[in-house]
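Colleague: Could you walk me through this one? I would like to start with the strands and go on from there.

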Amino acid sequence: MPITGNVCYIKAIRHADDRGWFSETFSSSRMAALGLQTVFVQDNQSWSRRRGTVRGLHFQRPPSAQAKLVSCLRGRILDVVVDLRRGSPTFGQHLAVELEDNGDQIFVPEGFAHGFITLTDDVLLSYKVSRPYDPLLDDGIVWNDPDLAIDWPVAEVRPTLSERDKALPRLSGLQSPFDYGGGGPMCLISV
């Protein structure tokens with residue numbers, strides 16, 4: 001049964017011995033077995049210097065909409081996705097999970113905004129995307145939109161954001177380009 005349309009938490013399998021460990025970080029056959037038929041065309045990395053750095057909530061409009069496979073290579077983040085699919089029973093709702101440097105990943109399908117906040121200094125993220133970056137179709141919603149009610153851990157730290165991310169619109173001001181294609185509502189599936 002395909003699980004496309006759901007956010008998936010993919011648990012890393014690490015093979016350890018006295019030398020260290022080995023892990024397969026991507027396998028198209030494992031993704032296909034999970035029902036994730038996404039073809040990734042680009043790998044990206046982002047480095048954040050300080051705890052409290054916020055990036056997002058970003059997405060690309062069709063025809064350049066992106067699915068993402070996100071990994072935290074160093075440090076720890078709170079990763080957040082927001083359902084932007086018009087007609088979805090979970091439209092405007094979010095899921096938030098912590099990712100750290102243990103090899104676990106989050107699969108974010110098309111139709112979702114994605115962002116994160118760093119929970120430690122010196123955070124390195126890696127993510128695969130299904131379509132190249134297109135600056136003309138790049139978009140987002142503001143990270144602290146009160147209608148989203150995301151519990152960002154910023155009580156002890158002043159968030160650091162780009163000027164662009166500070167100026168993104170609220171969800172209520174967004175004309176979503178994504179339609180809900182049926183299936184179940186957004187949920188986090190651990191695989």
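**Strands, a cavity and a tryptophan**

Modeller: Strand E7 (residues 76-83) pairs with E11 in the antiparallel sense, over 7 bridges. Keep in mind that this is a predicted model.

Colleague: Which residue in E11 is the bridge partner of valine 82?

Modeller: Valine 82 has alanine 113 as its bridge partner in E11.

Colleague: What else does E11 pair with?

Modeller: E11 also pairs with E5, again in the antiparallel sense, over 3 bridges. Within that pairing, arginine 55 has phenylalanine 116 of E11 as its bridge partner.

Colleague: What is the order of the strands in the open sheet?

Modeller: The open sheet has 5 strands in the order E9-E7-E11-E5-E13, with antiparallel pairing. Strand E9 (94-100) and strand E13 (138-140) are the edge strands, and each of them pairs on one side only. From one strand to the next, the twist averages 30°.

Colleague: How many bridges are there between E5 and E13?

Modeller: There are 3 bridges between E5 and E13, and the sense is antiparallel. Glycine 140 in E13 is the bridge partner of histidine 58.

Colleague: Back to E11. Why is it described as largely enclosed by the rest of the structure?

Modeller: Of the 7 residues of E11, 7 are buried, so the strand is largely enclosed by the rest of the structure. Buried here means under 20% relative accessible area.

Colleague: And which residues are on each side of E11?

Modeller: On one side are Phe112, His114, Phe116 and Thr118, and on the other are Ala113, Gly115 and Ile117. They are all buried, and both faces of E11 are covered.

Colleague: New topic: cavities. How many of 30 Å³ or more does a search of the whole structure find?

Modeller: The search finds 2 cavities of 30 Å³ or more. The largest cavity has a volume of about 60 Å³.

Colleague: Which residues line the largest cavity?

Modeller: The lining consists of His58, Phe59, Gln60, Gln66, Lys68, Val108, Glu110, Gly111, Phe112, His114 and Phe178. Strand E5 (54-60) and strand E11 (112-118) are the elements that give two or more residues to this lining. E5 supplies the largest share, 3 residues.

Colleague: How does that lining divide into nonpolar, polar and charged?

Modeller: It divides into 4 nonpolar, 5 polar and 2 charged residues.

Colleague: Let's move to E12. Is it mostly covered or mostly uncovered?

Modeller: Strand E12 (residues 123-129) is mostly covered, with 5 of its 7 residues buried.

Colleague: Which strands are joined to E12?

Modeller: One is strand E4 (residues 42-48), which runs antiparallel to E12 and is joined to it by 7 bridges. Here tryptophan 47 has leucine 124 of E12 as its bridge partner. Another is strand E6 (residues 68-74), also antiparallel to E12, with 6 bridges. Leucine 69 stands opposite lysine 128 in E12.

Colleague: Last one: where is tryptophan 143?

Modeller: Tryptophan 143 is in the loop between E13 and helix H2 (163-166).

Colleague: Why does tryptophan 143 count as buried?

Modeller: Its relative accessibility is 9%, and the cut-off for buried is under 20%.

Colleague: Which residues does tryptophan 143 touch?

Modeller: Leaving out residues up to four places away in sequence, tryptophan 143 touches Val54, Gly56, Leu57, Ile150, Trp152, Val154, Pro159 and Leu161. Separately, the C-alpha atoms of tryptophan 143 and arginine 170 are separated by 8.4 Å, and these two residues are 27 residues apart along the chain.

How values were computed: Residues are numbered from 1 along each chain as its sequence is written. This is a predicted model: local features need pLDDT of at least 70, side-chain atom pairs count only at pLDDT 80 or more; totals for chains, interfaces and linings use all residues. Side-chain values use heavy atoms; hydrogens and water are left out. On a 1 Å grid over the protein atoms alone, a cavity is a set of points where a 1.4 Å probe fits but cannot get out, and a pocket is an open set with protein on both sides within 12 Å along at least five of seven lines; lining residues have an atom within 4 Å of a point. Grid points are joined across faces, edges and corners, and a volume is the space filled by probe spheres set on the points. Helices (H or I, at least four residues) and strands (E, at least two) are DSSP runs, numbered from the N terminus. Ala, Val, Leu, Ile, Met, Phe, Trp, Tyr, Cys and Pro count as nonpolar, Asp, Glu, Lys and Arg as charged, and the others, Gly among them, as polar. Two strands pair if DSSP finds at least two bridges between them. Axes are lines fitted to C-alpha atoms, for helices over the stretch in contact, and angles run from 0 to 180 degrees between N-to-C directions. Buried means under 20% relative accessible area, exposed over 50%, partly exposed in between (1.4 Å probe, protein chains only). Contact means heavy atoms within 4.5 Å.
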